[in-house]
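Here is a quick tour for anyone meeting this structure for the first time. Have a look at the picture, and then we'll walk through it together.

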Amino acid sequence: MKFYFNGEDASQIAIGAFAMALPISFSEEVWLLAETLPLANLLLISVLSLFFLIYFAYFSIFQADIKQRIAMFFFRIIIAYLITLIVVALVLTALNQFPITTMPDIAIKRAIIVAMPASLGAIIVDSLDKE
């Protein structure tokens with residue numbers, strides 16, 4: 001298994017994130033949830049997202065062997081989550097539901113909520129061509 005990160009990896013992450021973010025982003029429940037969700041719950045969503053990204057990547061992509069590749073492991077997790085957040089922000093912007101200039105707190109909450117399933121889609125699609 002090769003351990004590098006290139007444009008193909010980035011595109012796989014973006015496509016997986018888009019596939020999962022799109023249907024969820026159309027949901028008015030998500031838009032309203034972002035307005036009422038307490039910070040503690042938002043942090044829990046973030047922690048759960050990262051936990052499942054780490055768990056899946058560790059066992060599936062890296063096959064439970066990260067001793068010599070710890071930096072690449074964490075780089076892949078961080079980059080997958082960042083690409084996911086960018087894709088989610090673009091989808092929400094296209095739907096006029098990402099008010100980053102007028103209500104940045106709501107925009108960030110919406111992005112984090114939608115990023116939870118989108119990040120899992122991203123890492124799963126990224127893992128499909130790994131051996």
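What does the accessible surface of the protein chain come to, and what share of it belongs to carbon and sulfur atoms? The surface is about 7,300 Å², and carbon and sulfur atoms account for 71% of it. Keep in mind that this is a predicted model.

**The overall picture**

The protein chain has 5 helices and 0 strands, so reading along the sequence you get the pattern α-α-α-α-α. The C-alpha atoms fill a box of roughly 45 × 30 × 20 Å along the principal axes. How does the radius of gyration fit in? A compact globule of 131 residues would come out near 14 Å, and the protein chain has 15 Å, which agrees. Of the 131 residues, 41% are buried. If you take the contacts between residues at least 6 apart in sequence, 79% of them join residues at least 24 apart. As for charge, there are 7 positive and 10 negative ones, and their mean positions sit 9 Å apart.

**Helix α3**

Helix α3 covers residues 39–61, which is 23 residues. From its first C-alpha to its last it reaches 32 Å, close to the expected 33 Å. Its buried residues are Leu-42, Ile-45, Ser-46, Ser-49, Leu-53, Ala-57 and Ile-61. An α-helix has 3.6 residues a turn, so residues three or four places apart point the same way. And what do the buried residues of α3 pack against? Their partners are α4 (70–94) and α5 (104–127). After α3 comes Gln-63, with a positive phi near 50°.

Ala-64 and Asn-96 both have a positive phi although neither is a glycine. Here they are side by side:

Now for Arg-110, which is in helix α5. Is Arg-110 buried or exposed? Its relative accessible area is 5%, and because buried means under 20%, Arg-110 counts as buried. Leaving aside neighbours within four places in sequence, Arg-110 is in contact with Val-30, Trp-31, Ala-34, Glu-35, Leu-92, Gln-97, Phe-98 and Pro-99.

Definitions and conventions:
Residues numbered from 1 in each chain as written. Predicted model: local features only at pLDDT ≥ 70, side-chain atom pairs only at ≥ 80, totals over all residues. Heavy atoms only, no water. Helix = DSSP H or I, 4+ residues; strand = E, 2+ residues; numbered from the N terminus. Expected span 1.5 Å × (residues − 1). Buried < 20%, exposed > 50% of the residue type's maximum accessible area, 1.4 Å probe, protein only. Contact = heavy atoms within 4.5 Å. Rg over C-alpha atoms; globule rule 2.2 N^0.38 Å. Areas by Shrake-Rupley, 256 points an atom, 1.4 Å probe, with all protein chains shown as cover. Lys, Arg positive; Asp, Glu negative; His and termini not counted. Charge placed at Lys NZ, Arg CZ, Asp CG, Glu CD.
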